[in-house]
Amino acid sequence: MQSASDCGEPVSLQEPETDALQGLWSNLLEFIEAGDLAQLSNLRTSTERDEILRRVDQDGNNALMHACKRNNIRLIKLLFEGYKLEEKLLDVENLEGHTAIDIAARNGCVRVVEYFFQMQA
């Protein structure tokens, strides 16, 4: 498994960053938490999307991990629709050593786990 620092140079929230990207990251997490599919649909067209999806929070969780905590397959599919979900993103471990697949499995969302395995195939 890879740590967050091994996956396409993720950007930590502790590093200096632009206000625009910080705002997009914050919005993304809010939309994931609320399960706001309409707002996520708008955000996913952002040109900075790849960079935002690689960002991690202070616990090492990326957007995919936050979405897995919501246990909502529609949310995850919408978030990554049209995005080639890199295997590296699935292999990233947070500071507790958990991957997105681990988080989905721990939350009992079999459909999300199956979706991730299909994406890796």
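I began with Asn94, which, leaving aside neighbours within four places in sequence, is in contact (heavy atoms within 4.5 Å) with Asp59, Gly60, Asn61, Met65 and Ile103. I found Asn94 in the loop between strand S2 (92–93) and H7; helices (H or I, at least four residues) and strands (E, at least two) are DSSP runs, numbered from the N terminus. Asn94 is buried, with a relative accessible area of 9%, where buried means under 20% (1.4 Å probe, protein chains only).

A note on the model: it is predicted, so local features need pLDDT of at least 70 and side-chain atom pairs pLDDT 80 or more, while totals for chains, interfaces and linings use all residues. Residues are numbered from 1 along each chain as its sequence is written, and side-chain values use heavy atoms, without hydrogens and water.

I then followed Ile76: beyond four places in sequence, Ile76 is in contact with Leu64, Ala67, Cys68, Val112, Tyr115 and Phe116.

Last, I looked at how H1 meets H4. Trp25, Leu28, Leu29, Ile32 and Glu33 of H1 make the contact with Ala63, His66, Ala67 and Arg70 of H4.

Notes: Buried < 20%, exposed > 50% of the residue type's maximum accessible area, 1.4 Å probe, protein only.
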